[in-house]
Amino acid sequence: MKFQGVLFFPVTPFAADGSLDEDRLARHIENGVAAGAGGVFVACGTGEFHALTSDEVERATRVAVETTAGRVPVLAAAGGPTPVARDQAARVALAGADGLLLLPPYLVTAPQQGLVRHVEEVTAASDLPVVFYQRGTARLAPETAAEIAALPKVAGIKDGLGDIEHMHAVVRAVRAAPGTEDFQFFNGLPTAEMTAPAYQGIGVSLYSSAVFAFAPEIALAFHRALAAGDRPLVDTLLDEFYGPLVRLRDEVPGYAVALVKSGVALRGLDVGGVRAPLVDPGPEHIARLAKLIDRGLEVVGA
């Protein structure tokens, strides 16, 4: 399970009655894969994992697997209480996923060996390779990260903390072990493009792109510019698109997801609103988002 390029985290569309809209999810995923996604992470953070039932996670995974038809890897999320995460891991395996994104345990702050135990128990529920998501209550000491990376089914660590010094120590600790050449690290911060240059400097080139869900032209242009060392274009996009987007995102908690759904709708696919406890953006914020999308498209010549 090797990733390259921009990683696509689709939103989860809901119908007018609030139910999972599988047809629109399939269209959304097909659009992303056709645009050039390097992998699909379905029913994860941008996909409102926090608001989905385990059955909906399984159904969304099945839609993603059938839609991608083997063109790119498909990962789905599991998380929360360990027994729930085990059940979700088994479900997404049955749905045909290529891997699992393991989110933190629910609320409880555990000792380091407790986090290792959590990973061991969830990975035992299926044969899927697992990417461990470090964020919230799941902060790995470098030596713990190396221990988890050595587990047979763990294929990567995704960072959602944003502590560059700490993550650098994690990368170095894992890389110090033999046989970790194919182990993968991911920048999992919201609007990860803002920190992608910094993560690139510590050897973490992969990142999740929420922007790709609604403006793949912008996300791909940024990714190419970063890889090619085109600092003028990188800086222009950071200054005139990503930076203002982050400032808008930070005005309301939960906009890291809600704005993405609005962006998908602005680009022509109605995916419904967000589920509680999130709220949908108001008209003023949607209008500002529309102007930002227009500006980003203008910058990249799309």
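## Aromatic pairs

With rings of Phe, Tyr and Trp (its six-membered ring) counted as a pair if their centres lie within 6.5 Å, there are 8 aromatic pairs here. Take Phe183 and Phe185: they pair edge-to-face, 5.3 Å centre to centre and with 65 degrees between the planes. (On the naming: planes under 30 degrees apart are stacked, over 60 edge-to-face, and the rest tilted.) Phe183 is buried at a relative accessible area of 7%, and Phe185 is buried too, at 3%. Buried here stands for under 20% relative accessible area, exposed for over 50%, and partly exposed for what falls in between, using a 1.4 Å probe and protein chains only.

Phe241 and Tyr242 make another edge-to-face pair, with 4.8 Å between centres and 80 degrees between planes. Both partners are tucked away: Phe241 is buried at 1% relative accessibility, and Tyr242 is buried at 0%. There's also a cluster, made up of Phe3, Phe9, Phe41 and Phe186. And for a charge over a ring, look at Lys158, which lies over the face of Tyr133 at 4.4 Å from the ring centre; the rule asks for NZ of Lys or CZ of Arg within 6 Å of the ring centre and within 35 degrees of the ring normal.

## What you're looking at

This is a predicted model, so local features need pLDDT of at least 70 and side-chain atom pairs count only at pLDDT 80 or more, while totals for chains, interfaces and linings use all residues. Residues are numbered from 1 along each chain as its sequence is written, and side-chain values use heavy atoms, with hydrogens and water left out.

## Helix α1

Helices (H or I, at least four residues) and strands (E, at least two) are DSSP runs numbered from the N terminus. Which residues of α1 are buried? They are Leu25, His28, Ile29, Gly32 and Val33. Down the axis of α1, the buried residues fall within an arc of 130 degrees, so they line one face of the helix. The arc is taken from the directions running from the helix axis to the C-beta atoms.

The buried residues of α1 pack against β1 (7–8), β2 (39–42), α2 (54–68) and α10 (255–266), with contact meaning heavy atoms within 4.5 Å. On the face turned away from that buried side sit the exposed residues Asp23 and Ala34. At the start of α1, a side-chain oxygen of Asp21 comes to within 3.4 Å of the backbone nitrogen of Asp23. Just past the end of α1, Gly36 has a positive phi of about 120 degrees.

## Helix α3

Helix α3 has 13 residues (82–94) and runs 19 Å from its first C-alpha to its last, close to the 18 Å expected at 1.5 Å a residue. Ala85, Gln88, Ala89 and Val92 are buried in α3. These residues cover an arc of only 105 degrees around the axis, which puts them on the same side of α3. Pro83 and Leu94 are exposed on the other side of α3.

What do the buried residues of α3 pack against? Their partners are α2, β3 (74–78), β4 (99–102) and α4 (112–123). Just after α3, Gly96 takes a positive phi of about 100 degrees.

## The loop between β1 and α1

Leu20 lies in this loop, between β1 and α1. Is Leu20 buried or exposed? At 6% relative accessibility, Leu20 is buried. Leaving out residues up to four places away in sequence, Leu20 touches Thr12, Pro13, Phe14, Glu56, Arg59, Ala60 and Arg275. Arg59 is 39 residues from Leu20 along the chain, and their C-alpha atoms are 8.7 Å apart.

Ala16 also belongs to the loop between β1 and α1, but Ala16 is exposed at 94% relative accessibility. Its C-alpha is 14 Å from that of Asp280, 264 residues away in sequence.

## Ser209 in β8

Ser209 is in strand β8 (residues 206–209) and is buried at 0% relative accessible area. Beyond its neighbours within four places in sequence, Ser209 contacts Val6, Leu7, Phe9, Glu193 and Ala219. With Glu193 there is a side-chain to side-chain polar contact at 2.6 Å. A polar contact is a pair of N or O atoms within 3.5 Å; within protein, one must be able to donate a hydrogen and the other to accept it, and residues adjacent in sequence count only if both atoms are side-chain atoms.

Note on methods
The expected span of a helix is 1.5 Å times one less than its number of residues.
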